[in-house]
Amino acid sequence: MAPTVLGAKQVSKRFGALAVLDRVDFHVQEGEAIGIVGPNGAGKTTLMNVLSGTLTPSDGHVELLGEDVTASSAADRCHRGLSKTHQIPLPFLGMTVFENIYVAASHGAALTGEAGYELTYESLKLCGMLAIANRKAETIGLLDRKRLELARALATRPKILLLDEIGGGLTDAETSELVETIRELRRRGISIVWIEHIVHVLLQVVERLICMDAGRIIADGEPIAVMKDKAVVEAYLGRTPE
Amino acid sequence: MTGAFVVERWTTASRIGFLVIAFAIVVLVAAPIVLKAGTLDRLTALFIYVMLAAMWNALAGYGGLVSIGQQLFFGLGAYFTVRLADAGLNPFASTIAAALIVAGIAWAMSHFMLQLRGGEFAIGMWVLSELTHLLVNLDRLVQGETGTSLISMNVYDPDNRRIAIYLLAFGIMVALLGALYALLRSKSGAAIQAIRDNEVAATSVGVDVLKTKRILFVLAAFGIGLAGALWLCSALTFQPKTYFSVQWTAYMIFMVLVGGIGKFEGAILGALLFFTIETWFGGTGVWYLIGLGLAAVVFSLFFPKGIWGAIEQRFGITLLPIGYRLKIIGGAE
Ligand SMILES: Nc1ncnc2c1ncn2[C@@H]1O[C@H](COP(=O)(O)OP(=O)(O)OP(=O)(O)O)[C@@H](O)[C@H]1O
Ligand SMILES: [Mg+2]
């Protein structure tokens, strides 16, 4: 079996009295593509934030490429090869699209000058953003901001990429483009964890599906089997009385 | 396959801008030949204001670190200059040495101050400034609020001294602005702007936020320390409450907000405006302060990005570019 590259061990996250993650165990193998689904408020984004270092867990450990990184910053995890997109895009509004991505290339991937420009250019091109490279990020719309999230995450040269709802609101053509891009990333050997509500899009890329509900993983395995799982169906339809 | 492209970092406006700046530098260096003593003193004050504004802007506008205690470094810069000069060091050399000590203190402070968030940091800096003021008052040389003066300056002929201080202040201002500009154009500059815009996203893409903020915090302390030291050279007397007054920080905030926060050119413009207002209305006492307050309110309501922000938006020009422009050669593939 391929080595584990990212793992959450018994991770809990509480905001005051609200328990958002409840002893979650989650592991990603090298080269794997995993989809995460679950109703609104299930804790998907929170899990991703704990994995990436944006949030510190209340309990439990996070391991990245064989090392315990629970106490290290998001920047440090990024340097080690973990990158993510934000569900609500967080562009650097006062900078151009090119500059946004160059920050990631020069800091996340530590490539400056020409090498950094090359990487920035390549990320822009892969995400179809060359035409708006010199636009200030504050002037671009939501879809482009999502693309920018992806391009910026890519420019850090990740080994593991966490994607949080980057596919919502796309046309069919745009969706297939996105699927093609993610497949290309897989071919490059990047492990992928992708949160998305639109399951049929996920199924075109992932080989493993996880369903979360109320801070727990309620199903994990082969996508079709997970979608048919009784607990999963109930979580989506609302609980049926016994 | 990557297509052909270049990344441009200078603009035509900036090339003209640099010529104008080079010309201004030559004129200002030669100015003491023709200018009267009073004018030289005023210009020295202007240079100090520019330093203050640029440094507060670096800290707040870029680092997101809004401090209302920067008078701490202004006061310490002056204090260490008096102290070092009293110990026998040349007063001009003392200014630089004092600022280096201030930078060292700021570096030590940064380890706990940068852990504080928003309002805590702002107030925390003020509290530290007040504490330091009290400690300085305990120094026997300073004798509480009686103060002391930079007596070793008296060995110089007043006219030559005035010119020397003018040139020193000008040289330091140009060096500080140059250093800040070089920093903003460097790899750290991209990180600094990213932090200004969104700290969470900056860490996500690998920016070491703490380290970057530390660079800004120490640089700002160093620059403001120099400003305090130079102010002392020109005023000669050191009374702690004059130097450790929150009024200095209020001026910095005014200059930066009016000129354009987070804009390199904005701080300079704000300092020029503040200087002009002070020159014309400074004698009108309380009305001057009311006027400053009103101007600040008007600007934050109608020009939230400051004068330079408005100019940039309206005319799309950048005199001192720090950005990157992608130019694709021969169209897309
Ligand atoms: N910083 C916070 N403080 C308090 N509560 C929070 C915070 N962040 C998230 N929550 C709560 O935690 C729960 C899980 O949020 P999370 O964003 O992880 O859900 P999600 O599964 O990503 O949902 P969605 O599909 O809507 O994006 C929600 O009830 C949310 O209100
Ligand atoms: Mg979410």
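Guide: Leu170(A) lies in the loop of chain A between β7 (160–164) and α6 (172–187). The model is a predicted one.

Visitor: Is Leu170(A) exposed or partly exposed, and why?

Guide: Leu170(A) counts as partly exposed because its relative accessibility is 21%.

Visitor: Which residues is Leu170(A) in contact with, leaving aside neighbours within four places in sequence?

Guide: Those contacts are Leu143(A), Thr175(A) and Leu178(A). Gly53(A) is 117 residues away along the chain, and its C-alpha atom is separated from that of Leu170(A) by 29 Å.

Visitor: Are Glu32(A) and Arg208(A) buried or exposed?

Guide: Glu32(A) and Arg208(A) are both buried.

Visitor: What about Asp76(A): with which residue does it form a salt bridge?

Guide: The partner is Arg80(A), and the closest N and O atoms are 3.1 Å apart. Both residues belong to helix α2 (residues 74–80) of chain A and are 4 residues apart, about one turn of the helix. In general, residues three or four places apart in an α-helix point the same way, because there are 3.6 residues a turn. Asp76(A) is partly exposed at 25% relative accessibility, and Arg80(A) is partly exposed at 26%.

Visitor: And in chain B, what does Lys327(B) form a salt bridge with?

Guide: Lys327(B) forms a salt bridge with Glu8(B), the closest N and O atoms being 3.7 Å apart. This pair also links distant parts of its chain, with Lys327(B) in strand β4 (residues 325–328) and Glu8(B) in strand β1 (residues 5–8), 319 residues apart. Lys327(B) is partly exposed, with a relative accessible area of 44%, and Glu8(B) is partly exposed at 32%.

Visitor: Which residues are linked in a network of salt bridges?

Guide: The network consists of Glu122(A), Glu180(A), Arg183(A), Glu184(A), Arg187(A) and Arg188(A).

Visitor: What covers the buried residues of α7(B)?

Guide: The cover includes α3 of chain A, along with α2 (37–62), α6 (158–185), α8 (199–204) and α9 (209–235) of chain B. Among the buried residues of this helix (residues 187–197) are Gly189(B), Ile192(B), Gln193(B) and Ile195(B). At the start of α7(B), a side-chain oxygen of Ser186(B) comes within 3.2 Å of the backbone nitrogen of Ser188(B).

Visitor: Last topic, the surface. Which residues make the nonpolar surface patch of about 500 Å²?

Guide: Val297(B), Val298(B), Leu301(B), Phe302(B) and Phe303(B) make that patch. Phe303(B) is in the loop between α13 (286–302) and α14 (306–315) of chain B, and it counts as partly exposed because its relative accessibility is 38%.

Notes. Residues numbered from 1 in each chain as written. Chains lettered and ligands numbered in written order. Predicted model: local features only at pLDDT ≥ 70, side-chain atom pairs only at ≥ 80, totals over all residues. Heavy atoms only, no water. Patch = residues over 30% accessible without salt bridge, like charges linked within 9 Å, V, L, I, M, F, W, Y side chains within 5 Å. Areas by Shrake-Rupley, 256 points an atom, 1.4 Å probe, with all protein chains shown as cover. Salt bridge = Lys/Arg side-chain N within 4 Å of Asp/Glu carboxyl O. Helix = DSSP H or I, 4+ residues; strand = E, 2+ residues; numbered from the N terminus. Buried < 20%, exposed > 50% of the residue type's maximum accessible area, 1.4 Å probe, protein only. Contact = heavy atoms within 4.5 Å. Polar contact = N/O pair within 3.5 Å; in protein donor to acceptor, adjacent residues only side chain to side chain.
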